[in-house]
Amino acid sequence: MAISGLDIFKLLPRTNCGDCGVPTCMAFAMKLAQKKAELGECPFASEEAKAILGAAAEPPIQLAKIGGKSVFEAGNETVLFRHEKTFVHQTGIAIQLCSSEDEKELLRKIKEIEDYNIERVGEELYTDLFFLSHDTEDAQQFLKIIDLVKQNSKKGIILDCENQEVLAEAIQLLREDSPAVLLKKEITEADIEQAKVNDLCLIITAKNFDDLILQAEKAKNAGVKNLFLNLDCDNLGRQLQNNTILRRAALKQNFKPFGFPLFSYIKAENKDDLLAKASFLLCKYCSLIVLPEYDKALLYSLFTLRQNIYTDPQKPIQVEAKVYPIGEPTPESPVFVTTNFSLTYFMVSGEIENSGISAHLVIVDVEGQSVLTAWAAGKFTGEKIAKFVKDIKLEEQIKTRKIIIPGFVAQISGDLEEALPGWEVIVGCQEASDIPSFIKNVALI
Ligand code: SF4
């Protein structure tokens, strides 16, 4: 919880000696409150001040990490809702593989999961981790599956194994890879020691809030902070309620035992159920979910949802401002113009492509805003488009002198024509989905 400048001032020596670089303790307290200074800059700060201000400076949700070659991070969140500020880390998606599965089938699956990277609005989307379950008596089968994942993937691993001897062997196999271990029973001293020695992330499982508090405090007091919390619950409604309580307590009350990212293994009756549960938990407030099966359609839906939820609205996804060829344009091909907001670019370029023609698509830098927003902000005007067309020397690259602007900004056509002498400005359609019919009905060349 944020601590006020006045509260910080009360903890300082109040001698106004100036050794911290500012003339008074009050001025230094204000700098500390604004996170523009460190307490260490005051050589006379008491141990009490260090303890109190150190705890206040800790993030309300601790950072958790899994993996060696490719590290998955969760936590460090500071807000309940994205519109308040931003979410720091998106929910991780892990896929379960079981040691009882056929080895060839496992290898095929690992490779397929590894290769399943899709690009959407300029971002690469993929699964984050493997969740490996030891579900046979045969220890070798479990160790084999770990080896298969290690050989074929850089993704981090979560170990789900209740046999302590086999688990210890698995941890040794992964000693360079900082795996996570799902603890299904109450955390023990041995678990804590193992986590410290082997740089493990621990996933604590509890049946109720009291149990969760005891276990989280036990780990934290012993110096293990790389934790996920798993409050076991079979009812989705109750789980959403629990997650909300946990997140609110951590963020609003600064309740330290709940200040860790949340984990959930998703149990479902069928695919629809799985998608519904995974979607809810991804939104509220799981930082790591495990899917019991690999299914591309399911993953695509979750990737899209995750991207929509976790994209920072203050930093719109942008594409580079330049001329993009659509198809195989010639110097006579028509010229379309729009903004560098990724979604706009991908929709417009996709619809031009769908129409079957080749064209030049001029993307103007408006700091990643959509057409109407950029126009309202004075960033997508006739003058600015004309300047960009001249800067990139478009007239030297193409012969056509017809430029198609988005229908939503028909009002800039006069200014653009004035700023681009010799060009005919054509007002296009408002919606990208109407581009194919617009192209059919208008003589563009
Ligand atoms: S060094 Fe410490 S005691 Fe001196 S003015 Fe700064 S805050 Fe106050």
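E367 is found in the loop between β15 (359–364) and α13 (371–376), with helices (H or I, at least four residues) and strands (E, at least two) taken as DSSP runs and numbered from the N terminus. Although E367 is not a glycine, its phi is positive, at about 60°. E367 has 15 other C-beta atoms within 10 Å and is therefore partly exposed. For reference, a residue is buried if 20 or more other C-beta atoms lie within 10 Å of its own, exposed if 12 or fewer, and partly exposed in between, with C-beta atoms placed from the backbone. The model is a predicted one, in which local features need pLDDT of at least 70 and side-chain atom pairs count only at pLDDT 80 or more, while totals for chains, interfaces and linings use all residues. Residues are numbered from 1 along each chain as its sequence is written.

D199 lies in the loop between α7 (189–198) and β9 (201–206). Its 15 C-beta neighbours inside 10 Å are why D199 counts as partly exposed. Another backbone feature worth a look is the cis peptide bond that joins K284 and Y285, with omega about -25°. Y285 sits in the loop between α10 and β12.

Stepping back to the whole chain, 17 helices and 17 strands are present. The C-alpha trace spans about 80 × 70 × 40 Å along its principal axes. Of the 445 residues, 37% count as buried. Among the contacts in the chain with a separation of 6 or more, 64% come from residues 24 or more positions apart; here two residues are in contact if their C-beta atoms, placed from the backbone, lie within 7 Å.

The interior can be described through nonpolar cores, each a set of buried Ala, Val, Leu, Ile, Met, Phe, Trp, Tyr and Cys residues joined through C-beta atoms within 7 Å. The largest nonpolar core has 70 residues, and L202 and L229 are those with the most contacts inside it. Strand β12 (residues 286–291) gives the most to this core, contributing five residues. Not counting residues up to four places away in sequence, L229 touches I204, L212, A216, L246, F258, F260, L262 and F263. Apart from this core lies another, of 33 residues, which includes I326, V337, A359 and I403.

Two helix pairs illustrate the packing. Helix α10 (residues 271–283) and helix α11 (residues 296–310) pack at an angle of about 20°, and their axes are 10 Å apart. Axes are lines fitted to C-alpha atoms, for helices over the stretch in contact, and angles run from 0 to 180 degrees between N-to-C directions. α10 and α11 are therefore roughly parallel to each other, given that angles under 35 degrees count as roughly parallel, over 145 as roughly antiparallel, 65 to 115 as roughly perpendicular and the rest as oblique. The crossing of α10 past α11 is right-handed; a crossing is right-handed if the near helix is turned clockwise from the far one by less than a right angle, and left-handed if anticlockwise. On the α10 side, K271, L274, L275, A278, S279, L282 and C283 meet L298, S301, L302, L305, R306 and I309 in α11. The residues of this contact divide into nine nonpolar, two polar and two charged, where Ala, Val, Leu, Ile, Met, Phe, Trp, Tyr, Cys and Pro count as nonpolar, Asp, Glu, Lys and Arg as charged, and the others, Gly among them, as polar.

In the other pair, the axes of helix α4 (residues 103–115) and helix α5 (residues 139–152) come within 10 Å and cross at roughly 35°. α4 also passes α5 in a right-handed crossing. E103, L106, L107, I110, K111 and E114 in α4 meet K144, I145, L148, V149 and N152 in α5. By class, this contact has six nonpolar, one polar and four charged residues.

Two single positions complete the picture. P406 lies in the loop between β16 (402–405) and α16 (413–419), and P406 counts as buried because 25 C-beta neighbours are inside 10 Å. Leaving aside neighbours within four places in sequence, P406 is in contact with T338, V371 and G428. The C-alpha atoms of P406 and V427, 21 residues apart along the chain, are separated by 6.3 Å. D273, in turn, is placed in helix α10 and is partly exposed, with 13 other C-beta atoms within 10 Å. The C-alpha atoms of D273 and S370, 97 residues apart along the chain, are separated by 35 Å.
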